Amino acid sequence: MALARMLSGKDDAKNAILSINAGAGGTEAQDWVEMLFRMYLRWAEQKNYKSSVVDFQPGEEAGIKSVTFIASGPYAYGYLKGETGIHRLVRISPFDASNRRHTSFASVSVSPEVNEEVVIEIDEKDLRIDVFRSSGAGGQHVNKTSSAIRLTHLPTGIVVQSQQESSQYRNKAIAMKVLKSRLYEYEQTKRADEKQALYEKKEEIAWGSQIRSYTLQPYQMVKDHRIDLGIGNVNDVLDGNLDPFIEGVLLAGT
């Protein structure tokens with residue numbers, strides 16, 4: 001009952017748009033994004049949510065620079081909204097021949113998918129629209145024509161992309177939906193004093209700003225710093241068992 005009360009926000013029942021971006025750490029950070037992407041896909045699968053990729057930017061050597069996907073299902077946003085923040089990984093790098101320990105960072109942002117009932121006005125003069133060729137990892141990810149779309153909302157600096165569809169028109173429609181959701185979340189967050197720094201301060205994706213740490217060496221522990229919860233079975237967490245953290249943050253009202 002307590003958890004149900006925490007999912008009573010006006011947007012909690014909506015689908016979630018989740019973006020993961022590599023921070024400090026180069027190839028290591030891009031590999032970390034891929035690990036987080038897999039973790040959230042596994043979690044969504046366990047919830048019987050549908051996941052659809054909107055944008056996918058592969059890393060130069062390995063991993064993913066950034067990825068955006070929509071998790072569709074009851075209360076997806078309500079559950080995932082607490083995942084917004086910096087996620088830190090500590091491990092022996094598989095990319096370091098000297099087997100040194102590395103620290104990598106990735107940022108996660110979550111917005112509710114807005115429906116047609118929510119009116120978000122976007123002035124055309126506030127938009128920069130770029131058309132480019134898909135840079136997917138191969139196979140079905142690559143479009144043969146320049147159909148990928150990047151939208152930049154100039155007043156806020158919010159940038160969204162869609163490149164998974166072969167149709168430029170379809171990619172633009174998806175990008176506009178994501179942009180409206182981001183702008184909606186931006187305005188909601190701006191009104192909440194405790195979260196305002198996420199958009200105005202724009203903390204570096206690095207030390208001191210993480211919400212959760214995933215340590216693989218020299219010991220194994222996933223710790224959420226907001227609720228002081230640690231779980232030793234790191235592989236279980238990375239396989240999608242996020243509910244202890246998600247529910248803990250919800251119940252703490254963080």
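Colleague: Where does N48 lie?
Modeller: N48 lies in the loop between α2 and β2. Keep in mind that this is a predicted model.

Colleague: What is phi there, for N48?
Modeller: Near 60°. That is a positive value, and N48 is not a glycine. Most residues other than glycine have a negative phi.

Colleague: Is N48 buried or exposed?
Modeller: Exposed. The cut-off for exposed is over 50% relative accessible area, and N48 has 70%, so N48 counts as exposed.

Colleague: Next topic. Which residues does the cis peptide bond join?
Modeller: Q217 and P218, with omega at about 10°. P218 is in the loop between β9 and β10. Most peptide bonds are trans.

Colleague: Let's zoom out. How many helices and strands does the chain have?
Modeller: The protein chain has 7 helices and 11 strands.

Colleague: In what order do the 8 strands of the open sheet run?
Modeller: The order is β2-β3-β1-β5-β4-β9-β10-β11, with mixed pairing. The edge strands are β2 (50–58) and β11 (229–231), and each pairs on one side only. On average, neighbouring strands are turned by 15° against each other, direction ignored.

Colleague: What packs on that sheet?
Modeller: Helix α2, residues 27–46, is one of the helices that do. α2 touches β1, β2, β3, β4, β5 and β9. Its direction makes about 10° with that of β3. Helix α7, residues 243–252, packs on the sheet as well. α7 touches β9, β10 and β11, and its direction makes about 175° with that of β11.

Colleague: Back to the strands. How many bridges pair β1 with β3?
Modeller: 6 bridges, in the antiparallel sense. β1 covers residues 16–22 and β3 covers 64–72. For example, I17 has I70 in β3 as its bridge partner.

Colleague: And what holds paired strands together in general?
Modeller: Strands of a sheet pair through backbone hydrogen bonds.

Colleague: What about the sheet with 3 strands?
Modeller: That sheet is open, in the order β6-β7-β8, and the pairing is antiparallel. The edges are β6 (127–132) and β8 (158–162). β7, residues 148–153, is joined to β8 by 5 bridges. H153 has I158 in β8 as its bridge partner.

Colleague: Now the inside. Which residues touch the most other members of the largest nonpolar core?
Modeller: I20, Y40 and Y214, in a core of 38 residues. The largest share, 9 residues, comes from α2. Among the other elements that each supply at least two are β1, β3 and β5.

Colleague: What is Y40 in contact with, beyond its neighbours within four places in sequence?
Modeller: L18, I20, F69, L80, E83, H87, V108 and L242.

Colleague: Which residues are in the second core?
Modeller: That separate core has 19 residues, including I149, I174, M176 and L179. In soluble globular proteins, nonpolar side chains tend to be buried together.

Colleague: Last one. What percentage of the chain's residues is buried?
Modeller: 47% of the 254 residues. The accessible surface comes to about 12700 Å², and carbon and sulfur atoms account for 47% of that surface.

Terms used:
Residues numbered from 1 in each chain as written. Predicted model: local features only at pLDDT ≥ 70, side-chain atom pairs only at ≥ 80, totals over all residues. Heavy atoms only, no water. Pairing = 2+ DSSP bridges. Helix = DSSP H or I, 4+ residues; strand = E, 2+ residues; numbered from the N terminus. Axes fitted to C-alpha atoms, helices over the stretch in contact; angles between N-to-C directions. Contact = heavy atoms within 4.5 Å. Core = buried A, V, L, I, M, F, W, Y, C linked by side-chain atoms within 4.5 Å. Buried < 20%, exposed > 50% of the residue type's maximum accessible area, 1.4 Å probe, protein only. Areas by Shrake-Rupley, 256 points an atom, 1.4 Å probe, with all protein chains shown as cover.
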